[in-house]
Amino acid sequence: MNFKRIWREFKDHLLKNISFILLVMISIMIIVGFNRAMDSYITAANNLHKDYHVENGQFRIYGSLTKKQELSMERRFHITIEENKNVDYELDDTHTLRIICADKEMNQVAIISGAPLSSEQEVILDPKFAAENHYEIGDEIILYDNTFHIVGYGISPDYVNTLKNLSDFLSSPQTFGVAYLTASGFEKIDNTDTKTTLYSYQGDSYNISRLRDYLDDRTQLLDFREKDSNSRIQAVFDDANGPKQMSVIIGVLLVIIVAFIISISIRSTIRAESQTIGILYAQGFNKNELMRYYIMLPSLLVLIGSLLGYGVGMVISRPLLFIEEAQYSLPYVELIDSWYLIAVGMVLPMGIALLITTLSLSQALNKTPLSLLNGNHSNNKVSKIEKIFTFKSFNFFTKFRLKDIVRERGSVIALLFGVLLSMAILCTAAYTRDSCYKYVADLEKNVPFTYVYTFIDQKDLNKYSKKGEQTALRNIKIDVKGSKKSLMIQGITPHSQFFKIPGIHSLKNNEVLVAPCLITKFGLRIGDRLTLIDDVENKTYNVMIKGISSYDYGQYLYTNIKTYNHIFNIHKQSYNALVTNQPIDIAEEKVSSTMNKSEMINGIKNLLTMVNIMADILLIGAVGILMTVVYMLMRMIIDKAKINISMVKIFGFTPDEVSKMYLKGNFVILIAGFIFALPAGYMITKMLYDSIMANMQQYILPYIKLSSILGAFIIMSLSYMGTCALLKRNLDHVLLTEALKNRE
Amino acid sequence: MFLEVNSLVKKYMSGETEFLALNNLSFGMQSGEIGVILGPSGSGKSTLMNIIGGLENATSGSVKIQENEIVGLNSKALGLYRRNFVGFVFQFYNLIPNLTIRENIEVCSHLGKDPLNINHLIEKVGLKGHEDKFPSQLSGGQQQRVAIARALIKNPKLLLCDEPTGALDYKTSKEVLELFEEINQNYHTTIIMITHNDAIKYMAHRIISIKDGQIRSNKVNEHRLMAHDIDW
Ligand SMILES: Nc1ncnc2c1ncn2[C@@H]1O[C@H](COP(=O)(O)OP(=O)(O)OP(=O)(O)O)[C@@H](O)[C@H]1O
Ligand SMILES: [Mg+2]
């Protein structure tokens, strides 16, 4: 092969070729970077589950099982049951540490750094809480008047997502963490008389449902939760899959654009050189030799681009782990390389490039030498479409431009695609950022309470009822396309001081209002009938969606207390929770959950830092893609029209007029792309959120600010103007002699 | 004098060695003349024409059009000069393929201050009925006529033609030459025509012959023939 020729061709269109390499690189980098990072993270989480014996599920009952009961159930259902001992200790008003007994078969502690527990005076902390609150290995910490030495940081599989309550949206390591003690260490501090007991189990799913029925009949079962619906365990998988899917979609679309560009560029090269090809052909070169001649450069460019992309993807996969590491704790994540990434990152682009080049080439080379020599396939041909669109009524420059756009429709479509994709990425960045900020702002504004305590025992609720307002809360599930999703249903008292929802008190029979996020997340509609599943009682109830509530801070169904009782067929008093403005002084074990407005807000604020960084990455990527795609495609159009450009320059058109004829008006294409990009950005964001929050009891509605739309538009315009300045230089550099040399 | 060329020098550098494409060349032409430039291949004809047309700059010397010096002008001023003064016709037509015949001509009507009537011109160059066709649908001679009409539409004072009949057969060549003659008579356009066809010189007012970048002879043609009557 003649490498000198290839090198010359590469140099002659340096910027164009480099942009092409860049585009291939970005696509492969995105696919490889995100997939390698997220796959590694998922594998690391799976390994943690396997090596440290994650539970299959857990249940909480009132009171506790005797050893004998445990053994008989284990034998009966071929499962293992283990008490999951833990107690919440309040370090001060705002900091809670959940102390967990680490001497267990299930959910064992993986050491992240430091040493494992070797004596009852030692404690292991979760790394995020330790980092946020400046606890170092070697420090001492006092728990229930006992001093413990911090010997290491570690995490168990059931707290990878260190949520205080299972219904929490995000962890908040500033205020909540977990600590692990040995059994004897735990005994020293656990002097509290717990009313409820948490058990973990392992076993197969057929036996599990029998276990649940069994427990339901014989104990007061408070919660029964398989690992899939435990967001402390499950969220990490959903979360890692979101960016992975997104990266595959973006990467594949980019590869399509790349393929488009290859085909356009090959076709125009062939057309420009049709007479040369004809001569070579006539002199006895065969199709394969010619093919090899023309296939070299594009293949080489794709190869370089995908190698670079693969390399950079490998490099950025470690920093990209940050997306997950910001929220979850895992032992050191080993980056793993998989065959399919090599296939997707290197073989696929090469394959696509070869396929496209071969197809475009063989189509051109199937012509007879004579027809090539005659220039029948040269740039001078006019297609049917061009004959149809005459643009008679337009003024000269507009007509000229429009005709050029019709002529270059292949490039224009690719341009539209490129703009659409890059702007969709930009809009996704804006959507994620704006919706998260809006969510936080709305929480501050809209959450109508400061605290909600859910009581285990009715008597305790009665005792504290003067401190706030009673309400009824229940955790239920609904079936959405075959998978069960958790929701809360709340029954609100008449004349509530806290919850002011228009229309709530006129709900009858089994009517409920839904939070807006449920409409979007699960595609519910007003008028839908839902079957509520109570996993604990193993019963179902029916409700009808009457309307949308004014509150949107979680996955809630709202109704009035009378309807609530009707739905669940309750005749006695059904309140089980207390809404207050002030914290109440109550022992931790008497409430099954506490909702705290400021903790809810703090949790999500952690998300904002991450979202900001991700949005910045997306922004840079989008601008990069936009500029390369616009530059390359416009450059190809200009190169093709070189002779005509040279000609109009000879006539004496000024540089401004020349750019009016060959550059202006493309902005319309950008605007068209932008208009489509907004809904596309919404869809990508929703897909991302649907994946990440699939099993969370929260949802963020995709939202974009008007100013962000404007900002995105301005960024697009500026990038376009920058690219046009580069292109204008190209136009200015088209030589007058270009036309004089032409022999067509 | 309409055109005055004085001591014109054009040097090309090819690697280390200098090459004088035009070597101290001088001549002049009156307004409204047809001038034919003859000379062997490589003698500098096209180079001379490109400099007169403002497509290239000379190394030294002077070219004055109606007393205005164009040697040494920057590219912007040269552009303006071409726009206001010059029309070009080349051996190869270089029409814009996706514009119709009318539109190809129209491109240049935006350049002059008082362009000719386009329908009139189309009729004059014998393209009536072809206005809405595309260049690829026309024969070579017809395409060359479009190129001529395109050069004329802005009504330039100077029409430069580099082998305008080089790609045409006898019959169409003669038609094109008759067209030039007509234009010269009707619009008083000064025409400089480069050709390898010796016979064409008989229709010129002035015959200039060039060799090795220098003028070999510059004669006024005393016995002009009509384009119709020349033969080769
Ligand atoms: N850009 C250039 N660089 C170097 N040399 C050049 C360049 N353009 C022309 N020449 C040289 O200048 C000389 C004159 O060229 P020119 O094109 O004016 O010849 P010509 O008389 O028009 O020939 P022909 O009849 O073949 O068209 C030639 O020897 C040519 O090689
Ligand atoms: Mg020449």
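A residue is counted as buried when its relative accessible area is under 20%, and in this predicted model B:Lys10, at 11% relative accessibility, therefore counts as buried. The side chain of B:Lys10 takes part in a salt bridge with B:Glu56, in which the closest N and O atoms are 3.8 Å apart. The two residues are 46 apart and link distant parts of the chain, with B:Lys10 placed in strand E1 (residues 3–14) of chain B and B:Glu56 in the loop between helix H1 (45–52) and strand E4 (60–65) of chain B. B:Glu56 is likewise buried, since its relative accessible area is 17%.

Over all chains, the count of salt bridges comes to 29. One of them joins two chains, because B:Glu106 lies in helix H3 (residues 101–109) of chain B, whereas A:Lys399 lies in helix H14 (residues 396–407) of chain A. The side chains of B:Glu106 and A:Lys399 meet with a distance of 3.5 Å from N to O. With regard to accessibility, B:Glu106 counts as partly exposed at 22%, while A:Lys399 is buried, with a relative accessible area of 9%. Both residues also belong to a network of salt bridges, in which A:Lys399, A:Lys403, B:Glu103 and B:Glu106 are linked.

Within chain A, a salt bridge is formed between A:Lys438 and A:Asp442, whose closest N and O atoms are 2.9 Å apart. Both residues are found in helix H15 (residues 409–446) of chain A, where a separation of 4 residues corresponds to about one turn of the helix. A:Lys438 counts as partly exposed at 32% relative accessibility, whereas A:Asp442, at 18%, counts as buried.

The packing of two helices of chain A was also examined. Helix H1 (residues 3–12) and helix H9 (residues 287–320) of chain A have axes that come within 10 Å and cross at roughly 60 degrees, so that H1(A) is oblique to H9(A). The crossing of these two helices, H1(A) and H9(A), is right-handed. On the side of H1(A), the contact is made by A:Phe3, A:Arg5, A:Ile6, A:Glu9 and A:Phe10, and on the side of H9(A) by A:Tyr293, A:Met296, A:Leu297, A:Leu300 and A:Leu301. When the residues are sorted by class, the contact of H1(A) with H9(A) has 8 nonpolar and 2 charged residues, with no polar ones.

Technical notes:
Residues are numbered from 1 along each chain as its sequence is written. Chains are lettered from A and ligands numbered from 1 in the order in which they are written. This is a predicted model: local features need pLDDT of at least 70, side-chain atom pairs count only at pLDDT 80 or more; totals for chains, interfaces and linings use all residues. Side-chain values use heavy atoms; hydrogens and water are left out. Axes are lines fitted to C-alpha atoms, for helices over the stretch in contact, and angles run from 0 to 180 degrees between N-to-C directions. Angles under 35 degrees count as roughly parallel, over 145 as roughly antiparallel, 65 to 115 as roughly perpendicular and the rest as oblique. A crossing is left-handed if the near helix is turned anticlockwise from the far one by less than a right angle, and right-handed if clockwise. Contact means heavy atoms within 4.5 Å. Ala, Val, Leu, Ile, Met, Phe, Trp, Tyr, Cys and Pro count as nonpolar, Asp, Glu, Lys and Arg as charged, and the others, Gly among them, as polar. A salt bridge is a side-chain nitrogen of Lys or Arg within 4 Å of a carboxyl oxygen of Asp or Glu. Buried means under 20% relative accessible area, exposed over 50%, partly exposed in between (1.4 Å probe, protein chains only).
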